[in-house]
Amino acid sequence: MADKKDPIQTPLTDEQRRKVLMGMAAMPAMMMPGMALAQAAQFPTAKVNTSKLAVTDTEVVVGQLHSATGTMAISETGSIQAEQLAIDQINAMGGVLGRKIRVIKEDGASDWPTFAEKSKKLLVQDKVACVFGCWTSASRKAVLPIFEKENGMLYYPTFYEGLEQSKNVIYTGQEATQQILYGLDWAAKEKKAKTFFLVGSDYIWPRTSMKIARKHIESVAKLGKVAGEEYYPLGHTNFNSLINKIKLAKPDCIFAAVVGGSNVAFYKQLKAAGITADKQFLLTISVTEDEVLGIGGENIAGFYSSMKYFQSLDNANNKAFVEAFKKAYGPKSVIGDVTQAGYLGPWIWKATVEKAGSFDVDKIAAASGGIELKTAPEGYVKVHENHHLWSKARIGQAQLDGQFKVVAESPELIEPNPFPKGYQ
Amino acid sequence: MSLTDIMNITLMQGFAGLSLFSVLLLMGLGLAIIFGQMGVINMAHGEFMTIGAYTIYMFSSLTETFLPGFASMYFPFAIVAAFCIAFVFGWFIEWALIRHLYKRPLDTLLATWGLSLAMQQTFRSTFGAREVSPTLPDWLLGSWAPAEGLDIPINGLFVLALTALVTGGVLLALYRSRWGLRVRATVANRPMANATGINTSRTDRLTFAIGCGIAGVAGAAFTTIGSTGPTSGSLYIVDAFLVVTFGGAGSLLGTVASAFGIAQTQSIAEFFMTGSMAKVLTLMMIVTILMLRPQGLFASKIRR
């Protein structure tokens, strides 16, 4: 487990370093104002903006709406940073259709009505071309009616429960089936799991996810049986009774979707109760590198997580991304699944604008299906007609240093299916 | 399932209840002094716990950087430091804020709530929004397994011992020391205590600071079982008030009894039903008992 060096800590080879340097050397050339102006002239503002968005000959205004304060700041900080990084990089390359991106940042303050209010401000008053934002399903549900009424465009980065599709939202994270089904199949095949114990926090995302998991285990794929299903209130910090229940049920696999502060308590107490990776197989859909910071690598080492992205992914796109991210936010910063999905937002938007030749939301919405991104850190991704992403599913094993070792990867991109048949 | 299995689960379940009891008691103890004895509704109590938790985190990172050989030893010192830092800060807050509001209890509620928000944002700006995890010494991790299939969490044992120590200390101080005498006199009748030469404002400050210091110790203990983040305190504050109110404000014995009752109900209910339902059941029980006995389990016999 530990003998293989973490790819991120491996120093760059000379060839790689040269490539990075060449890329950097090329940047000033791309930033040449003459070039950007030429491109802007090619796309006159009157043509690319017919719906009175905040687009001028030199600038396009976008919004960013996350919680910088409050409970959710823990999770949303990564998305804020990644989106900003992507925007900075796009600007350094000359912007979108020759226009520099200017960001208006609003703070949703972990409060759903505030999200709704701020989204209205961004769309009606600032007339932003698009918004990168929201994290929890609750905040997305709060702003959705406003985006649909005011015809805005939202790029939403979090993996979520599915059962939603909108002209006005691009979902850059996974919907439930993309995250859960591959993980369960892998557990049954590779870990010979026949009995599953489902544990989650008590709100919409874990409950919907577990419903899908149960259907998959019991009726669709017939992997075995569910030995228990438990939900605990958000913020619950005492799991000793649950752990005893798990010990009584002796499941082959604990399948967990515990979030927030509870997450930390859950893994610390599992370890304290003697449930460690050498005795028990555990697969989670709610722990990324971000959460491990709080949990502590020693408390979760050896357990598995089902995500589409891990910081340790070994490909050139990801190496460049991790390097740029650490350069911008410090060598100790970590990148979780949602952070990467946040990074995709601005790039997908840029590609869509360039394909549509316009900033108009209607044209963006229509042009989104089929957009490809070859430079995504997670590898190649494609936008589906249903505004979700085709992406791979991956299983990572938590390491002591807080990173994940990728142990399995779906061979093909998995089609997003927000309304799965047979799972309702 | 064999008989030993059932025996083991029963034992572990019994310890789960005991461990929840010690957590609740440790949380409630500082508040029992501040809210119970002084009558100050301190909404920032959870944040004083967070101060303790972050003290552990700071000690852990400092030890890792400067004294790696000391890693297995730092924890007890860090707990003492957690007490001291929370104590000093509590002292300062009493002087700056609380003492002006003794006659206006509802304004205290608002002021301390504002304080709690300010403290949360300070933590966030200082330590970052993400949760952090102190590296705990090895002897605190894992479980003690006296028999096959029986695992007793070591951190649970540690919190239990710490709670016993702190509770014993508080009881002793309150009923056997000059400070305790002054506190009880001030609580019983402030003007009269003043008249007998007790400096009540100094007593108040010391009492408040000690309550905060104990909150710091509680926070330090929770780093072994829970999370450390800017808003961790808000996870605990409701439970802390619940324990103190249910036990009967003003009675330390009541706090102990109520923590025990709530913990056992919650933990046994959790075993037989779902987590959310167990919470519902526990709260229903508390509400019912408080309707029948508004003064809480143990009311202090003081003429007010």
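Helices here are DSSP runs of at least four residues, numbered from the N terminus. With that in hand, welcome to this predicted model, in which 37 residues of chain B are in contact with 36 residues of chain A. Helix H9 of chain B is followed by Gly248(B), whose phi is positive, near 100 degrees.

**Chain A overall**

- Chain A holds 15 helices and 15 strands.
- Its radius of gyration is 22 Å, close to the 22 Å that the globule rule gives for 424 residues, so chain A is as compact as a globular protein of that length.
- Along the principal axes, the C-alpha trace of chain A spans about 70 × 50 × 35 Å.
- Of the 424 residues in chain A, 54% are buried.
- Among contacts in chain A with a separation of 6 or more, 73% come from residues 24 or more positions apart.

**Domains of chain A**

- Domain 1 of chain A puts 14 residues into the contact, and domain 2 of chain A puts in 14 residues.
- On the domain 1 side of that contact, the elements giving two or more residues are H4 and H14 of chain A.
- By class, the residues on the domain 1 side are six nonpolar, six polar and two charged.

**Helix H13 of chain A**

- H13(A) covers residues 316-329, and at 1.5 Å a residue its 14 residues should span 20 Å; the end C-alpha atoms are 20 Å apart, which agrees.
- The buried residues of H13(A) are Asn318(A), Phe321(A), Val322(A) and Phe325(A).
- Viewed down the helix axis, these buried residues fall within an arc of 95 degrees, so they line one face of H13(A).
- Packing against the buried residues of H13(A) are helix H4 (73-92) and helix H14 (337-356) of chain A.
- Turned away from the buried side of H13(A) is a face that carries the exposed residues Ala316(A) and Lys327(A).
- After H13(A) comes Gly330(A), with a positive phi near 100 degrees.

**Where chain B touches chain A**

- The contact between the chains takes 37 residues from chain B and 36 residues from chain A.
- Several elements of chain B each supply at least two residues to its side, including helix H4 (105-127), strand S1 (143-147), strand S2 (150-153) and helix H9 (232-247).
- H1(B) gives the most to the side of chain B that touches chain A, with seven residues.
- That side of chain B divides into 14 nonpolar, 17 polar and six charged residues.

**Helix H9 of chain B**

- At 1.5 Å a residue, the 16 residues of H9(B) should span 22 Å; its end C-alpha atoms are 24 Å apart, which agrees.
- Of the 16 residues of H9(B), 12 are buried, so this helix is largely enclosed by the rest of the structure.
- Among the buried residues of H9(B) are Leu235(B), Tyr236(B), Asp239(B), Val243(B) and Phe246(B).
- The cover over the buried residues of H9(B) includes helix H10 (261-272) of chain A, together with H1, helix H2 (45-66), H10 and H11 of chain B.

How values were computed: Residues are numbered from 1 along each chain as its sequence is written. Chains are lettered from A and ligands numbered from 1 in the order in which they are written. This is a predicted model: local features need pLDDT of at least 70, side-chain atom pairs count only at pLDDT 80 or more; totals for chains, interfaces and linings use all residues. The expected span of a helix is 1.5 Å times one less than its number of residues. A residue is buried if 20 or more other C-beta atoms lie within 10 Å of its own, exposed if 12 or fewer, and partly exposed in between; C-beta atoms are placed from the backbone. The arc is that of the directions from the helix axis to the C-beta atoms. Two residues are in contact if their C-beta atoms, placed from the backbone, lie within 7 Å. Ala, Val, Leu, Ile, Met, Phe, Trp, Tyr, Cys and Pro count as nonpolar, Asp, Glu, Lys and Arg as charged, and the others, Gly among them, as polar. The radius of gyration is taken over C-alpha atoms; the globule rule is 2.2 Å times the number of residues to the power 0.38.
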